[in-house]
Amino acid sequence: SDAIEFINSLLQVKMSKRLTVSKSLSHIWLQGYQLWSDLRCLEREVGDRFVTHRSDDARWQEHEKLNN
């Protein structure tokens, strides 16, 4: 449901109702571990970091340690 709400917010016709870039990046759907992990795998395959940011690595690596 978070993903659907996120995509609907991006596809708004009126610019005033559409999410900004900063609001998009802080959306709850983009803040989950599984998405971060999937995106990191994609970035490794492509060979370029274009979605995730290094500042999030420590937080998610700690999450991995705590949650196996």
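Student: Which residues is Thr-52 in contact with, leaving aside its neighbours within four places in sequence?

Tutor: In this predicted model, Thr-52 is in contact with Trp-36, Leu-39, Arg-40 and Glu-43. A contact needs heavy atoms within 4.5 Å.

Student: Where does Thr-52 lie?

Tutor: Thr-52 lies in the loop between helix H3, residues 33–46, and helix H4, residues 57–67.

Student: Why does Thr-52 count as buried?

Tutor: Buried means under 20% relative accessible area. Thr-52 has 10% relative accessibility, so Thr-52 counts as buried.

Student: What makes the pairing of the side chains of Thr-52 and Glu-43 a polar contact?

Tutor: The cut-off for a pair of N or O atoms is 3.5 Å, and one atom must be able to donate a hydrogen and the other to accept it. The side chains of Thr-52 and Glu-43 make their polar contact at 2.5 Å, which is within that limit. The side chain of Thr-52 also has a polar contact of 2.8 Å with the side chain of Arg-49.

Student: Why is Glu-43 called buried?

Tutor: Glu-43 is found in helix H3. Its relative accessibility is 2%, and the limit for buried is under 20%, so Glu-43 counts as buried.

Student: Which residues does Glu-43 touch, not counting those up to four places away in sequence?

Tutor: Glu-43 touches Asp-48, Arg-49, Phe-50, Val-51 and Thr-52. Its side chain also reaches the backbone nitrogen of Phe-50 at 3.2 Å.

Student: Why is Phe-50 called partly exposed?

Tutor: Phe-50 lies in the loop between H3 and H4. Buried means under 20% and exposed over 50%, with partly exposed in between. The value for Phe-50 is 47%, so Phe-50 counts as partly exposed.

Student: Which residues form a nonpolar patch on the surface?

Tutor: Phe-50 forms the patch with Leu-42, Val-46 and Val-51. Together they have about 360 Å² of accessible area.

Student: Which residues of H3 are buried, and what do they pack against?

Tutor: Leu-35, Trp-36, Ser-37, Leu-39, Arg-40 and Glu-43 are buried in H3. The buried residues of H3 pack against H4. After H3 comes Gly-47, whose phi is positive, near 90 degrees.

Student: Why is Ser-9 called buried?

Tutor: Ser-9 is found in helix H1, residues 2–10. Its relative accessible area is 13%, which is under 20%, so Ser-9 is buried. Leaving aside neighbours within four places in sequence, Ser-9 is in contact with Lys-17, Arg-18 and Leu-19.

Note on methods: Residues are numbered from 1 along each chain as its sequence is written. This is a predicted model: local features need pLDDT of at least 70, side-chain atom pairs count only at pLDDT 80 or more; totals for chains, interfaces and linings use all residues. Side-chain values use heavy atoms; hydrogens and water are left out. Helices (H or I, at least four residues) and strands (E, at least two) are DSSP runs, numbered from the N terminus. Buried means under 20% relative accessible area, exposed over 50%, partly exposed in between (1.4 Å probe, protein chains only). Patches are made of residues with over 30% relative accessible area and no salt bridge: like charges are joined within 9 Å, nonpolar side chains (Val, Leu, Ile, Met, Phe, Trp, Tyr) within 5 Å. Accessible areas come from the Shrake-Rupley method with a 1.4 Å probe; for residues, only the protein chains shown count as cover. A salt bridge is a side-chain nitrogen of Lys or Arg within 4 Å of a carboxyl oxygen of Asp or Glu.
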